[in-house]
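The sequence and model are shown below.

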Amino acid sequence: MQDANLCYPEGHLDEQFRQVEDLQDEASPNFVEEVVVVFFKDSGRLISNLEQALEKYPRDFNRWDAYMQQLKGSCSSSIGASRMKNECMSFRDNCGQRSVEGCMGSLQKLKREHAILRQKLESYFQLLRQVGPAGAATRPAM
């Protein structure tokens, strides 16, 4: 895949994103964008489910942790959203410490990282569309 010259702040994406990019070819020219769209749909749903669980099941750290484990797996395996994955791990650590306040703080940071990553990837794909398939481009720094 030919990438736009776009730099991400250190740590937003890891090597998994490059592997997804490597799967894109002429037969599936929008593969990466499609994977990203599915990731944000799924991760948004998982965050919403977690927020509902926090309200419906107060102090049920095992349930909260199970939801967060799903989200962490999605962050790691689909697009390599490393900052989101780190916040998932922080949330899970807070579950282990049975800290409601810590979980809430981690969730807010996770939601912020989710929004930042969405914005950066939207800009990335917009630049790719402007450059087009014939444009000379380099991979973004991750």
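The text below covers the cysteines and then the salt bridges of this predicted model.

**Cysteines**

A search of the whole structure finds zero disulfides. The sulfur of Cys75 has its closest cysteine sulfur in Cys88, at 4.3 Å, which is too far for a bond. A disulfide would need the two sulfur atoms within 2.5 Å. Cys88 is likewise in no disulfide, the sulfur of Cys75 being its nearest cysteine sulfur. Cys75 is buried, at 0% relative accessible area, and Cys88 also counts as buried, at 0% relative accessibility.

**Salt bridges**

Side chains of opposite charge can pair when their charged atoms come close.

| Pair | N to O distance |
|---|---|
| Glu51 and Lys111 | 2.5 Å |
| Arg63 and Asp60 | 3.1 Å |
| Arg92 and Asp65 | 2.6 Å |

The salt bridge of Glu51 with Lys111 links distant parts of the chain: Glu51 is in helix 2 (residues 31-56) and Lys111 in helix 5 (residues 100-131), 60 residues apart. Glu51 is partly exposed, with a relative accessible area of 27%, and Lys111 is partly exposed at 29%.

In the salt bridge between Arg63 and Asp60, Arg63 is partly exposed at 32% relative accessibility, and Asp60 is partly exposed at 25%.

Arg92 and Asp65 also meet in a salt bridge. Arg92 lies in helix 4 (residues 82-96) and Asp65 in helix 3 (residues 61-79), so this pair ties together parts that are 27 residues apart in sequence. Arg92 counts as partly exposed, at 26% relative accessibility.

Terms used: Residues are numbered from 1 along each chain as its sequence is written. This is a predicted model: local features need pLDDT of at least 70, side-chain atom pairs count only at pLDDT 80 or more; totals for chains, interfaces and linings use all residues. Side-chain values use heavy atoms; hydrogens and water are left out. Buried means under 20% relative accessible area, exposed over 50%, partly exposed in between (1.4 Å probe, protein chains only). A salt bridge is a side-chain nitrogen of Lys or Arg within 4 Å of a carboxyl oxygen of Asp or Glu. Helices (H or I, at least four residues) and strands (E, at least two) are DSSP runs, numbered from the N terminus.
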